[in-house]
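Thank you all for making time this morning. I would like to take you through one model, and I will ask you to keep the structure in view while I talk.

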Amino acid sequence: MDLASPTIDFVTYFFAIFALLIVRIPQPQAEPSPRQHASQVLNDINFGLNYLRERPGLLGLLAYYATVNFFLSITFVLTTPMILSRHSASVLGVIQMIMGMGALAGGLAASAWGGPKTRRVQVVIGGIMLYTVGIIIAGLRVNPAFPAVGITINVFLLSIVQSISNAIWQSKVAPEAQGRVFSLRFMLATIITPLAYLTAGPLADWVFEPLMRQGGALANTWVGIILETGSGRGIGLMWVLAGGIIVATSLLAYLNPRIRRLEQEVPDAIAE
């Protein structure tokens, strides 16, 4: 019987519980609430929407995140099919191991750095554009080094960007409203991700893969020359296009003054 996995699980759970015991988590004063009923959920959703409408920068940032999350989800769900279409399971395992190391390094870097104190929105947008470069690299060529390097860049920077993004939301949303506003954020993410998953498969099988097959509509064009042709290259094209869309969306988000000036226009709800 292999005891390594249970031991690792026990140690990680111990450290997680220990961290919760030593960290002070501020507790906002509870508000008196009416008796819970079905309409309370709708009232909470409406409260979250109104809270964001009154702060257009936060609402715009949420819409930007939803768009990025949609295209990231499309690419990530197709990672395994893209790699296995041309490489063995052992190659996939090595790439996943490198990805895990990149994500761990990103988390450690975010913890050690602590994030910027000012211009956090600009840093987040710039970080998203940078880790999107990883997506484009991953889809460029068949050689497994491209997805290994590209996805590792992505997950490394993703850990850092997410920590900075969480700091923005936690500082700009009042403690008594965070439960309802953050629930709305997570609900939107929960809806977006399965929609992306449902979209990715049909797009890959019925549209992009046929375009990039030998003799496909794009096989003999500059697209086919750069990205190569054959099995899995339609998914590679999807990765490159998704990356380009995220970069374009990031530029639009930066040009939106409400998003760009969010930190100046929306006061901190909690003093630093």
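I will begin with the pocket, then turn to the aromatic rings, and finish with a serine.

Please bear in mind throughout that what you see is a predicted model. The largest pocket has a volume of about 600 Å³, and its lining is made up of 26 residues, with Tyr65, Asn69, Gln162, Arg185 and Ala189 lying nearest the centre. Which helices supply at least two residues each to that lining? They are helix H3, which covers 56-77, helix H6, covering 120-140, helix H7, covering 145-172, and helix H8, covering 175-212.

A pair of aromatic rings is described by the distance of the centres and the angle of the planes. The count in this model comes to 3 aromatic pairs. In one of them, Phe47 and Tyr51, the ring centres are 6.1 Å apart and the planes stand at 35°, so the pair is tilted. Both residues belong to helix H2, residues 38-53, where they are 4 residues apart, about one turn of the helix. Are these two partners buried or exposed? Phe47 is partly exposed, because its relative accessible area is 28%, whereas Tyr51 counts as buried, at 9% relative accessibility.

Tyr64 and Tyr65 also form a tilted aromatic pair, with 5.9 Å from centre to centre and 35° between the planes. Tyr64 is at 3% relative accessibility and therefore counts as buried, and Tyr65, with a relative accessible area of 15%, is buried as well.

Finally, let me point out Ser111, whose place is in helix H5, residues 89-113. At 62% relative accessibility, Ser111 counts as exposed, because the cut-off for that term is over 50%. Its C-alpha atom is separated by 8.6 Å from that of Ser163, although Ser111 and Ser163 are 52 residues apart along the chain.

Conventions:
Residues numbered from 1 in each chain as written. Predicted model: local features only at pLDDT ≥ 70, side-chain atom pairs only at ≥ 80, totals over all residues. Heavy atoms only, no water. 1 Å grid on protein atoms, 1.4 Å probe; cavity = no way out; pocket = protein on both sides within 12 Å on 5 of 7 lines; lining within 4 Å. Points joined across faces, edges and corners; volume = space filled by probe spheres on them. Buried < 20%, exposed > 50% of the residue type's maximum accessible area, 1.4 Å probe, protein only. Phe/Tyr/Trp six-rings, centres within 6.5 Å; stacked < 30°, edge-to-face > 60°.
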